Amino acid sequence: MRRALLAITGLAASTTAMVVLKSGPGASQVAQELPAAGQPVAPAPDGPAPTDGGAGPEASPSGAASPRPRRSATRAPATRPTAGATSGARLPSAPRTSSAPARPTTRTVTGPVVENEYGNVQVRITLSGSRIVDAVALELPEETAQSDQRSQQVDDRYSGTSGLVVQQQGADLDTVSGATATSTSYRQSLQAAIDRAN
Amino acid sequence: MTYPRTHAAGRRAGTTPSRDGGRPAGGVRPQVPPRRGPGGRRVLAALLVLGLLASVLPWWLDTPAGSLRTTAATLTAAGRITGLVAGYLLLVQVLMMSRLPLLERWIGGEQIARWHRDLGATLLVAVLAHAALILVGYADLEDKPILTEAGVLLRDHEDMVSAFAAAGVLVLIGFTSVRAIRRVLPYELWHALHLASYLALLLGFGHQFSNGAQLFRPGPVRTLWIAMYVVVVAALVWGRVVAPLAFNLRHRLRVADVVAESPDTISIYLTGDRLGELDLLGGQFFRWRFLTRGCWWQSHPFSVSAAANDRWLRLTVKVVGAYTRDLRDLDPGTPVWAEGPSGTFTAAHRTGDRALLIAGGSGITPIRAVLEELPPGSALIYRARTPADVLLHRELDWLAQARDVRIWYVIGSRNDPGPRQVLTPDGLRGLVPDVVRRDVYLCGPPGLVAQSLAVLRQAGVPRRQVHLATFEL
Ligand SMILES: Cc1cc2nc3c(=O)[nH]c(=O)nc-3n(C[C@H](O)[C@H](O)[C@H](O)COP(=O)(O)OP(=O)(O)OC[C@H]3O[C@@H](n4cnc5c(N)ncnc54)[C@H](O)[C@@H]3O)c2cc1C
């Protein structure tokens, strides 16, 4: 029984230690030095980031080319797309393949990162003239299976060359039921991108 | 009072005298087995610890430094860590009970049982912490009362009903294993409840992959986690089905004779095929199933009470309950199903070449078998309440001569001056001056074991030289 008590104490102590190591900017210094942190360590985003992970520097720009960026399984070294970057200029490894043939009139505009309690949402739209021809979610909450599932529903409904965004040509979209927070954040990022484009 | 080599009077009240005095009549002479260091056991223990670290690693890699800045995030993170730990420990718990021959011989059934008990308590705490932390963390995140959140979890999240059920099963198992409660339950009931842990394994499986933050995405982590399940299930099939089947088909054990050793103790002699090829060491035990009406559905552990030979196997059983009472009436020819051998209470696990053996009551049975394989020059202290309780007396006398064993029969109740004097550091040193340099083999009732351990510690015998058989699984 003495060993059981030891094991339980050890469990509590090491869980606490791990959580502490991953929390707060002060502690992140320590964590950066640990070789085990094979994660690209970027400065923590500003502002409160209630869920873990989702708020982290996970948006992989290379994934932006695919219709479902957040599903990229590899956590490639990522530069965090700066909020408000217009055109793909700040996203060097984001060749467009799917929906935007290189026509001179085509441009992309990226909306800001909008945080909600489940993670971050960031939307990029492609315009041909003033017409939206494509919408891509660069980042969606995916930390838990639940939020991943909801994000996928929102993505399926809104994004793509034939999604609601392209159909409606604006940010006045129906909320995806059960995914209110993500829908709302999506619309905010989208609205900001549209505003920027005009 | 101590009686060196006493011939206790009136010992044999049984009907049939021991057939051949327990000597390996014409069988293979037992040899001193080569030493097996603790290496195997240490490697296994290290592997288990490494596995634990590896199962938390995905969380560590998935969680960016500095990302846990709210209460909800912190609680949820702790919930995930404890969840991964619990998932891993549950697999280890089941693996340890798989009866894999490797584990049974390197670590030994009794030692595994001790680890299992300690890890079981840890697992229970991990499961409860996991459930509570995730619940409170999610409730905080979504700003809902905890009970509402519990409803949401059960309703909206996949596989959570079965996950809660799995936690319930584990709590029940943990509760009935608290010593005080276990003692008042019939062993069979306790055991049946414990079998429900397979149910927990099954019920808890789904939610890890449908909701686990580190496991819901297809990828190497998920694949490895599933692989761990496959390994454990394979170990179960091997240890509980294939290996016993192979063993019993090969040796086809059956009862040869049942003889009385004392009014409340019997020896069961078994014969079988190819007994000379048994990979069996004195002091090890099997789990025996006697295939008669009334007995076949229970398996009970008993040590072999003589070293392996090519003619017979023997177990010596003290009648303590309903099952052991029935064993007295076994008919010759009864087929026997055995699982084993298991245990590290053997001459092969000695650290040096001289030993002191301390036996209490029926604890003499494995010690009698170990003695046969230890190098000459051992010393034996045999505690018994009355001369009538001394078992296997003639064989011990034979061993005293054949293997140069010094034997002290210490007769009397625990509070008599003789036994009291012997079980002190000075008393031990008086009988065995070099006790600190000897391996000590200890087997007997819990009181004697606890007392002896304390005395040995005071006398300065290093713990790794002490070998324990507690008759407890
Ligand atoms: C590794 C080991 C080696 C043993 N070697 C011997 C031996 O050589 N000689 C000997 O006389 N006894 C030995 N025992 C003890 C023996 O197993 C029990 O005395 C026997 O199982 C009691 O069964 P029962 O139904 O007659 O008594 P009960 O009154 O039903 O049980 C008494 C106690 O025995 C234990 N027990 C009961 N059934 C089982 C079971 N199926 N599996 C495990 N434990 C059980 C329980 O702790 C129980 O409280 C050994 C036990 C272990 C663990």
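In the UniProt record, an unreviewed entry, the annotation "transmembrane region" covers residues 43-61, 81-98, 119-141, 161-181, 188-206 and 226-247 of chain B. Two of these spans can be set against the geometry of the predicted chain. Residues 43-61 of chain B are 100% helix and 0% strand, with 26 Å between the end C-alpha atoms. For residues 119-141 of chain B the content is likewise 100% helix and 0% strand, and the end C-alpha atoms are separated by 32 Å. A polar atom of the T176(B) side chain is placed 3.0 Å from the backbone oxygen of I173(B).

In the side chain of H300(B), an N or O atom is 2.6 Å from an oxygen atom of the ligand, while a polar side-chain atom of T365(B) is found 2.9 Å from a ligand oxygen atom. T316(B) takes part through its backbone, a polar atom of which is 2.9 Å from a nitrogen atom of the ligand. The ligand taken alone exposes 880 Å², and the protein buries 80% of that area.

Over all chains, the structure holds 18 salt bridges. One of them pairs K144(B) with E142(B), with 2.9 Å between the closest N and O atoms; K144(B) itself is partly exposed, at 32% relative accessibility. A further salt bridge links R155(B) and D156(B), whose closest N and O atoms are 3.6 Å apart. In this pair R155(B) has a relative accessible area of 61% and is exposed, whereas D156(B), at 39%, counts as partly exposed.

The salt bridge between R254(B) and D273(B) has its closest N and O atoms 3.9 Å apart, a separation that still qualifies because the cut-off is 4 Å. R254(B) is situated in strand β2 (residues 254-262) of chain B, and D273(B) in the loop between β3 (265-271) and β4 (285-290) of chain B, so the contact ties together parts that are 19 residues apart in sequence. Both partners fall into the partly exposed class, R254(B) with a relative accessible area of 32% and D273(B) with one of 28%. Elsewhere in chain B, R314(B), R368(B), E372(B) and E395(B) are joined into one network by salt bridges that share partners.

Methods
Residues are numbered from 1 along each chain as its sequence is written. Chains are lettered from A and ligands numbered from 1 in the order in which they are written. This is a predicted model: local features need pLDDT of at least 70, side-chain atom pairs count only at pLDDT 80 or more; totals for chains, interfaces and linings use all residues. Side-chain values use heavy atoms; hydrogens and water are left out. A salt bridge is a side-chain nitrogen of Lys or Arg within 4 Å of a carboxyl oxygen of Asp or Glu. Buried means under 20% relative accessible area, exposed over 50%, partly exposed in between (1.4 Å probe, protein chains only). Helices (H or I, at least four residues) and strands (E, at least two) are DSSP runs, numbered from the N terminus. A polar contact is a pair of N or O atoms within 3.5 Å; within protein, one must be able to donate a hydrogen and the other to accept it, and residues adjacent in sequence count only if both atoms are side-chain atoms. Accessible areas come from the Shrake-Rupley method with a 1.4 Å probe; for residues, only the protein chains shown count as cover. UniProt positions are given in the numbering used here, feature names are shortened, and annotations may be inferred rather than shown by experiment.
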